[in-house]
Amino acid sequence: MKRTLLLFTYLFGIQLGAQETIPKLAGKVKISIEQGTIEADLTLSDIPQIKDYFIRLNSGLNILHFKTTESNDFLLGFSVAHNDTLSYGETKAYFFPDDTGKGKFLPNEVQVKYVGKYPVVKDTLHNYARKDWRGNIAFNHNSIRADGLQSSWYPVLYDITNDKTYDNLKYDVEIDCQDCTTLYINGNKPVNAQNHKFKSDIARELTLFCGNFDFSAVGDTYILNPSFTSKQINDFSNLINSFKDFYTQKLNIPFDQAVTFVETTPTSRKDGWMFVSYPSIFNIGWGKMGLISLFDPKIQNWYRPFIAHELGHYYFGTYKVLNSELGDMMTEGFAEFLSLELTKKMMGAEVCDQKISDKIEALEDFDPIPMGKITGESQYGNRELYVYYYAPIVFTAIKKEIGEEKMWEWLNIILTTETTFTNYNFLIQTLQTIVNDQKLTQFILNQYLKSDDSLKKAIAKITMK
């Protein structure tokens, strides 16, 4: 197996052990949760040499200037690109034209000063939004919530050529919020303060959660704004550790990060969801959508798989960042597959079978383009159905073809093989390496990855007695 992996590595021209330049963010951010304002003076340094790029910033931020300290500290002329097709819609894509006006210039260090003002939702009777979502810079009645990747409240560099986003940064950032009692940036411990300097030499997505709330800790697991009793906090910690132990054992990759859980409410009346920004997992919802649902016998078997999915993103999305046309599908599809496997082991085959049946029912009128014919994420059609329902159904069928042991080996090699692009070729080459059977590999490609009837064939395999 080692020889096969080395051959695979050589064929893909992978340079193992290369040291990547990781940018650093430094400066000061002033926030008011009462006024819904953000004012920042931030400097992005140690910028890698990239010829074709965008710098994404939230569309609600008003830029005073971009400036570089190189060549006597001068202001940079900037343009806004209108062809940033991979952004999520919340951001503007900036770049600095070079002297010819035809190319782009990127200094080693860029300072940006800006200010933004956002709606503050203080109640959900008369003053609320129609929708809330991950990329929203959300001010609710007692906090600000902002992720890094999607909201881009700080400058996020995107390498167009290599389809790489630099949302995970080293940082040395001072947060000042005089109407807050607790401050938190992903990758640090929460603090009871109105002003604090947060530092991290490990690159993190700078997801932000500051406001007026308490927090609890059991061991190295933090819960911000918790709705638990003391006993439930301990039970919660034990449950999360059991999930992490399962993934560690099956994938043979230690789950070696402490996790911080954040509970908060949306700025809308009905929305509820979870998202991960390791080492933080955010739960946004009202009432039964809170973490307390983990201990409600009536719905815990429905809710616990969501936690398992988000923990699965430690591997697919953090340990391994996936890109290219299938990157989103693999990130969410494999995390959901992990959740199904954990559900089967820890909640029972009946619960897992019901989840699979629900997915099959939801896919009844869905006609997906097979993975092997996807050339861009827009071809997913209904993204939710494609990545959360169709993809894990296909992966479950492949598991039945190659066996559970080889399926876990396949996931391991996907996670541990270094490559620039995690595209379709990468997917099938890693599969072929593990299967080591040309006939079986070709059968899987024809049945589940290239066939226009891949969904029907996957369902038939899964439901076969």
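1. Pro 279 sits in the loop that links β22 (273-277) to β23 (280-284); helices (H or I, at least four residues) and strands (E, at least two) are DSSP runs, numbered from the N terminus. The peptide bond from Tyr 278 to Pro 279 is cis, with omega near 10 degrees. Most peptide bonds are trans, and most residues other than glycine have a negative phi.

2. A word on the basis of this note: this is a predicted model, in which local features need pLDDT of at least 70 and side-chain atom pairs count only at pLDDT 80 or more, while totals for chains, interfaces and linings use all residues. Residues are numbered from 1 along each chain as its sequence is written, and side-chain values use heavy atoms, with hydrogens and water left out.

3. Two backbone spots are worth a look in your viewer. Asp 46 has a positive phi of about 55 degrees although it is not a glycine; this residue belongs to the loop between β2 (37-45) and β3 (53-58). Asp 46 counts as partly exposed, at 44% relative accessibility (buried is under 20% relative accessible area, exposed over 50%, partly exposed in between, with a 1.4 Å probe and protein chains only). Asp 163, also not a glycine, has a positive phi of about 50 degrees, and its place is the loop between β12 (156-159) and β13 (164-166).

4. Now the sheet: five strands form an open sheet in the order β19-β20-β21-β23-β22, with mixed pairing; two strands pair if DSSP finds at least two bridges between them. β19 and β22 stand at the edges with a single partner strand each, so one side of each is left without a neighbour in the sheet. On average, and ignoring direction, neighbouring strands here are turned by 15 degrees against each other (axes are lines fitted to C-alpha atoms, for helices over the stretch in contact, and angles run from 0 to 180 degrees between N-to-C directions).

5. Within that sheet, β19 (residues 215-218) and β20 (residues 221-224) run antiparallel and are joined by four bridges. Phe 215 has Leu 224 as its bridge partner in β20. The two strands form a hairpin with two residues between them, and Gly 219 in the turn has a positive phi of about 65 degrees. On to the next pair: β20 and β21 (residues 260-264) pair in the parallel sense over three bridges, and Leu 224 stands opposite Val 262 in β21.

6. Which strands does helix α3 touch? Helix α3 (residues 230-251) packs on the sheet and touches β19, β20 and β21, its direction making about 55 degrees with that of β19; contact means heavy atoms within 4.5 Å. Helix α4 (residues 300-312) lies across β21, β22 and β23, running at about 20 degrees to β22.

7. Asn 140, in the loop between β10 (138-139) and β11 (143-146), is buried, with a relative accessible area of 4%. Its side chain makes a polar contact with the side chain of Thr 264 (3.2 Å), and also reaches the backbone nitrogen of Asn 142 at 3.0 Å. A polar contact is a pair of N or O atoms within 3.5 Å; within protein, one must be able to donate a hydrogen and the other to accept it, and residues adjacent in sequence count only if both atoms are side-chain atoms.
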